[in-house]
Every structure is written in structure tokens, then in C-alpha cells.
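Have the sequence and the 3D view open as you read.

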Amino acid sequence: MRAPNPSAAPAARHTLRAATLALLLIAAPAPPAGAIVGGREGAEVPGAASTVMVLTSGGGVCSGVVVAPDAVLTAGHCVAGVGENRVHYRDAADRPVLAEVAARSLHPAYDGDAIRGRTRSIDLALLRTREPLPGRFVPATLSAAMPRAGQSVTLAGYGAVRGNDRRSIGRYRGAALTVIEPYGPSRILVWMQAAGAGGCQGDSGGPIFEDAAVMALAAWVKDACGGLTQGILLGPQRGWIDRTLAGWGLAARW
């Protein structure tokens with residue numbers, strides 16, 4: 001699920017235009033019925049009105065959660081080392097839109113080498129769009145709840161239905177997963193799995209729901225798409241989220 005760290009910023013605008021063209025191509029055919037790797041599409045998947053795509057200047061694709069009319073919360077590795085981001089959605093006529101980003105804030109405890117170095121990392125970032133998103137986007141309700149082992153949660157996002165299948169990226173899907181280890185040693189992570197279901201490329205930054213509230217954001221999948229999926233809990237990071245948004249004159253819903 002990690003987005004690539006792309007090349008230098010001067011090529012950013014050209015690459016983002018290319019990414020838009022790619023999204024037009026990959027979104028045209030209908031994807032397989034089983035999606036997000038073992039998930040589903042449709043009105044029963046929560047969060048469609050508060051989830052967008054986040055593109056990187058190297059052609060990477062992530063998901064993101066709308067937390068204010070002009071702010072999106074996503075995974076830190078979708079922003080770190082990236083020359084430029086755009087927020088992608090489709091307008092009322094189903095035409096692709098690339099919203100410009102006016103400000104970006106990477107969590108100060110993000111460590112891009114955390115997996116290899118086995119160190120603590122808060123894989124979160126906030127983006128502020130230059131203009132407010134259309135009114136049909138409703139800021140998500142965030143949850144500071146801590147999950148319980150055995151609890152059922154919903155992972156959602158715009159990622160692929162199988163590894164390296166970029167043509168299936170771009171449709172919103174969700175899957176029910178079971179919490180197997182709620183906190184991790186530092187009480188900042190949630191681990192989830194289900195038989196044949198889990199995150200994939202493009203789902204980084206996607207919401208993990210407890211009922212209708214976003215409890216965590218997807219960050220990493222072990223071994224392969226559909227495997228053990230890791231999320232960053234939002235409750236322990238509420239202070240950073242609220243301070244960053246307040247600096248932009250905004251506030252999240254908790």
C-alpha cells in the first residue's frame with residue numbers, strides 16, 4: 001500500500017496530468033465483484049461522501065479522508081518525499097477533477113524507514129486544498145475509541161482488487177475485517193485481517209470505520225495485497241490533528 005517516493009518537483013504537473021489520464025483509463029471497465037481484495041462496492045460501504053483519492057507527483061495513488069471542507073487526512077508516506085500532491089474526485093458530470101493543494105503537514109513522528117528499522121512511526125499527513133471541496137463531500141466523524149480484539153471494523157478505499165492491478169484502482173470499496181491485535185507495543189496501531197480480504201495498492205490513507213466513525217487510517221499490508229492490514233489509530237494523534245487544523249482555521253468532527 002505504500003505510495004512510491006517519486007522524482008523531483010519540476011516534473012510534478014506533467015506527471016499529475018498523466019496520472020489523471022491513467023485514472024480515466026482504469027476507471028472505465030467494471031471491476032470484479034469481489035473488491036478492495038475480498039470486499040464490495042455499493043451504498044452499504046460507509047464513507048463514500050467523505051473519502052477521496054490522493055495522487056502523488058510520481059504517479060502514486062492513495063486514499064484520503066475529508067476532515068473539513070478543505071482538508072484531507074491521509075497516510076504520511078503518500079506525502080513524504082513527494083514533490084506535489086493533488087486531491088482527485090469526480091464532479092457531478094463524472095469528469096475527473098484534480099484539486100490543488102495549498103498546504104501539507106506531515107506528522108512530526110513519521111519515519112519513512114520505520115519498517116526496516118523496526119522503529120515507531122506515525123504514518124499520517126494532512127493536506128489543505130486551495131479551494132473547498134464540493135458540498136457533496138461531508139467531513140467524516142473521527143473516533144478516538146480504542147478497538148477491541150475480535151471487533152469487526154470496515155476498511156474502505158480506492159485501491160486495487162489484487163496486487164499490481166492498476167486498472168482496478170479508482171472505485172470506492174470496503175471490506176469487513178477483524179481486529180486481531182488492537183494497539184501494538186506503543187498503542188498507536190490496529191492490526192486487522194480476514195480470510196481473503198485486506199488492503200492493496202491505493203488503499204493507504206483509507207478510512208477504517210468503527211460503525212460510522214473513522215477510528216484509524218490504513219497504512220500497510222504484510223507480505224501481499226489482502227494480507228494482514230495495519231492502521232494508524234486516530235485517538236492517540238488527536239492533539240496533532242486538532243492543532244494542525246486549528247492553524248488553518250479549521251476543526252475536525254470528533
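## Strands that pair

Two strands pair if DSSP finds at least two bridges between them. With that in hand, look at Trp 220, which stands opposite Gln 230 in β12. This is a predicted model, and β12 covers residues 229–233, pairing with β11 in the antiparallel sense over five bridges.

Strand β11 also has a partner in β10 (residues 207–210), again antiparallel, this time over four bridges. Here Phe 209 has Val 214 of β11 as its bridge partner. Two residues lie between the strands of this hairpin, and Asp 211 takes a positive phi near 60° there. As for cover, eight of the nine residues of β11 (residues 213–221) are buried.

## A serine in a loop

Now turn to the loop between β7 (152–157) and β8 (173–181), where you will find Ser 168. Is Ser 168 buried or exposed? Its relative accessibility is 4%, and buried means under 20%, so Ser 168 counts as buried.

What does the side chain of Ser 168 meet? One of its polar atoms lies 3.0 Å from the backbone nitrogen of Val 161, and a polar atom of that side chain is 2.9 Å from the backbone oxygen of Asp 165. Beyond four places in sequence, the contacts of Ser 168 are Gly 159, Ala 160, Val 161, Arg 162 and Arg 173.

## How confident is the model?

The chain has a mean pLDDT of 84, with 80% of its residues at 70 or more. Over residues 3–35, however, pLDDT stays under 50, and the model has 57 contacts beyond four places in sequence for that stretch.

How values were computed:
Residues are numbered from 1 along each chain as its sequence is written. Side-chain values use heavy atoms; hydrogens and water are left out. pLDDT is the predictor's confidence in each residue, from 0 to 100. Contact means heavy atoms within 4.5 Å. Buried means under 20% relative accessible area, exposed over 50%, partly exposed in between (1.4 Å probe, protein chains only). A polar contact is a pair of N or O atoms within 3.5 Å; within protein, one must be able to donate a hydrogen and the other to accept it, and residues adjacent in sequence count only if both atoms are side-chain atoms.
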